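I opened the model to look up a few helix contacts, sheets and single residues. My notes follow in the order I took them.

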Amino acid sequence: MRTRVAIIGAGPAGLLLSQLLHDRGIDAVLLEARDREYCEHRQRAGMLEQATVDVLREAGAADRLDREGLVHHGIHLRYAGRDRHIDFPSRTGGRSVTVYGQTEIVKDLIAKRVAQGARMYFDAPVTAIEGIDGDAPRVRFLRDGVEEVLECDLVAGCDGFHGVSRGAIPADVLKTYERVHPFAWLGILADVAPSTDDLIYAHSERGFALHSMRSRAVSRLYLQVDPDADLADWPDERIWAELRERLALPGWTLDEGPIRERSITPMRSFVAEPMSFGRLFLAGDAAHIVPPTGAKGLNLAVADVRVLARACGEFFLAGSRAGLDGYSDACLRRVWRAEQFSSWMTTLLHARVDASGFDRRCQEAELAYVADSSAAMDSLAENYVGYTWAD
C-alpha cells in the first residue's frame, strides 16, 4: 500500500489532518487501532477556541457544530461565597469560546471522510514505524490479524499519549518534561439541563469543582478527588452532595439528574521535544498533555494539524521543506504558552492537602486579585480564548 502521508490515530487530530490534506489534494491513509464505535463514543473535552471553530468551518465539518454548539462569552469564578463573571468578548476584542463535545467532532469528521471515500482503517494497530530518517518511511500495521506495510513520504503521529509514534523518535534525540499533579478529576455526564449560563470554576476548602455542559439538556460536571480515588466510593448521592457544597452560592440552585457516565482522570502536564524527527511529525496528545483546567488539549491538537497541513501543502505542492523544518518550533511556542496557563489555572483553583497556612493565604490573595483586577481578568480571558496561533 502506498500514500503520501500515513496518519496514525483517528482522534480529532488525525481525522482533521486527513480532511485538511484531502482539501489540498494530498493523498493520505489513516490507521486506527480501535474500532469506529469506540472512537465515536469516547468522552473527551468539549471547549473550542474561536480559532478551532474557524478551522473546522474551513474543513467543511462545522454544520452541526454551528447548529448545536453553545457559544460562551465568559466564565464564572466562584470562591468564598463570591461569584465573579469574567466577560471574554469585552476583554479580547470580541472573541469567545464554544462548547461542543470532542465526541461529536469525531463523529462529524468520520462521517465526512467516509462520504468522501477516504482510506481509513479501523481495528488496524500499528506495530512499527520504520525509515523515518530516510526518504521512504514505512508503517507496519495489522489488518484482520495479518501484517501489512504502508509506504509513504511522511508519517503523522496523532495516536495519543500511549501511542507508538513518539517512541519512534530516538531516545538520544527526544527530551520530555512532565509534572504529575497530586489530584484527579471525577467527571460525570448527567441528563439534566445546565444550571448556569457560562461555565463555573469553583474553589473551596473541600476541593475544586467545575460546572460545564455538553448541550442544552446534558450537563458535564467535575470534582477534584485524590489520584487513587475509586469510583465505587462515589455513588450518585455523594457526587451531587459534594457538587452542591463546592458550587454553593446564596440564591443559586444546582439542578440534579440521572448520571449517564462517570470516570476519573489523572492530572498531568507533559511535553515532548522535538515534535518531529526526519519524516515523522507528532501532533496532539502524542506530543503534549495539559491538565484540563485551562481547556487547551483539543485546541492544541487542532492547532498542530493546521500547521502541519500547511507545511505538507508547501512540501508536496511547492517543493519547499521550510514549513516541515519549522513545524516543531512553531508548535512548541504555542504549546508552552498553554502549558503555563493550564498549570497556573490548576494551581490557582485546586485545594492542596499538603499546603501550609501561608500557601493557602497566598492562594486566597491570588483568587481575590484575579476577581478584582481588570488586568488579571484581561490576562485570564486572553489565554482562555487562545493567546497565540503558530504560523
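**Entry 1: helix pairs.** Before looking, I noted the rule for angles: between 65 and 115 degrees counts as roughly perpendicular, under 35 as roughly parallel, and over 145 as roughly antiparallel. I also kept in mind that this is a predicted model. Two packed helices are described by the angle between their axes and the distance between the axes.

I took helix H11 (residues 357-372) and helix H12 (residues 374-386) to begin with. Their axes come within 5 Å and cross at roughly 90°. H11 and H12 are therefore roughly perpendicular to each other. Next I listed the residues that meet. On the H11 side I found Tyr-369, Val-370, Ala-371 and Asp-372, and on the H12 side Ser-374, Ala-376, Met-377 and Leu-380. By type, the residues of this H11 with H12 contact are six nonpolar, one polar and one charged.

I then turned to helix H10 (residues 327-349) against H11. Here the axes come within 9 Å, with a crossing angle of roughly 115°. H10 contributes Trp-344, Thr-347, Leu-348 and Leu-349, which meet Gln-363, Glu-366, Leu-367 and Val-370 of H11. I sorted the residues of the H10 with H11 contact into five nonpolar, two polar and one charged. I noted that Val-370 is listed for H11 in the contact with H10 and is also listed in the contact with H12.

**Entry 2: the sheets.** Strands of a sheet pair through backbone hydrogen bonds, either parallel or antiparallel. In which order do the strands of the three-stranded open sheet lie? I read the order as E9-E10-E11, and the pairing is antiparallel. Strand E9 (126-130) and strand E11 (146-151) are the edge strands, each pairing on one side only. From one strand to the next, the twist averages 20°. I followed strand E10 (residues 138-143) along E11 and found six bridges in the antiparallel sense.

**Entry 3: Thr-103.** I found Thr-103 in helix H6 (residues 102-115). Is Thr-103 buried or exposed? Its relative accessible area is 4%, and the cut-off for buried is under 20%, so Thr-103 is buried. The side chain of Thr-103 reaches the backbone oxygen of Arg-42 at 2.8 Å. Leaving out residues up to four places away in sequence, Thr-103 touches Glu-40, His-41, Arg-42, Gln-43 and Arg-44.

**Entry 4: Gly-207.** I located Gly-207 in the loop between strand E14 (199-203) and strand E15 (209-213). Gly-207 has a relative accessible area of 2%, so it is buried as well. Which residues is Gly-207 in contact with, leaving aside neighbours within four places in sequence? I listed Ala-202, Gln-224, Arg-246 and Ala-351. I also looked up Gly-94 against Gly-207: the two are 113 residues apart in sequence and 32 Å apart in space, C-alpha to C-alpha.

Notes
Residues numbered from 1 in each chain as written. Predicted model: local features only at pLDDT ≥ 70, side-chain atom pairs only at ≥ 80, totals over all residues. Heavy atoms only, no water. Helix = DSSP H or I, 4+ residues; strand = E, 2+ residues; numbered from the N terminus. Buried < 20%, exposed > 50% of the residue type's maximum accessible area, 1.4 Å probe, protein only. Polar contact = N/O pair within 3.5 Å; in protein donor to acceptor, adjacent residues only side chain to side chain. Contact = heavy atoms within 4.5 Å. Axes fitted to C-alpha atoms, helices over the stretch in contact; angles between N-to-C directions. Nonpolar A, V, L, I, M, F, W, Y, C, P; charged D, E, K, R; others polar. Pairing = 2+ DSSP bridges.
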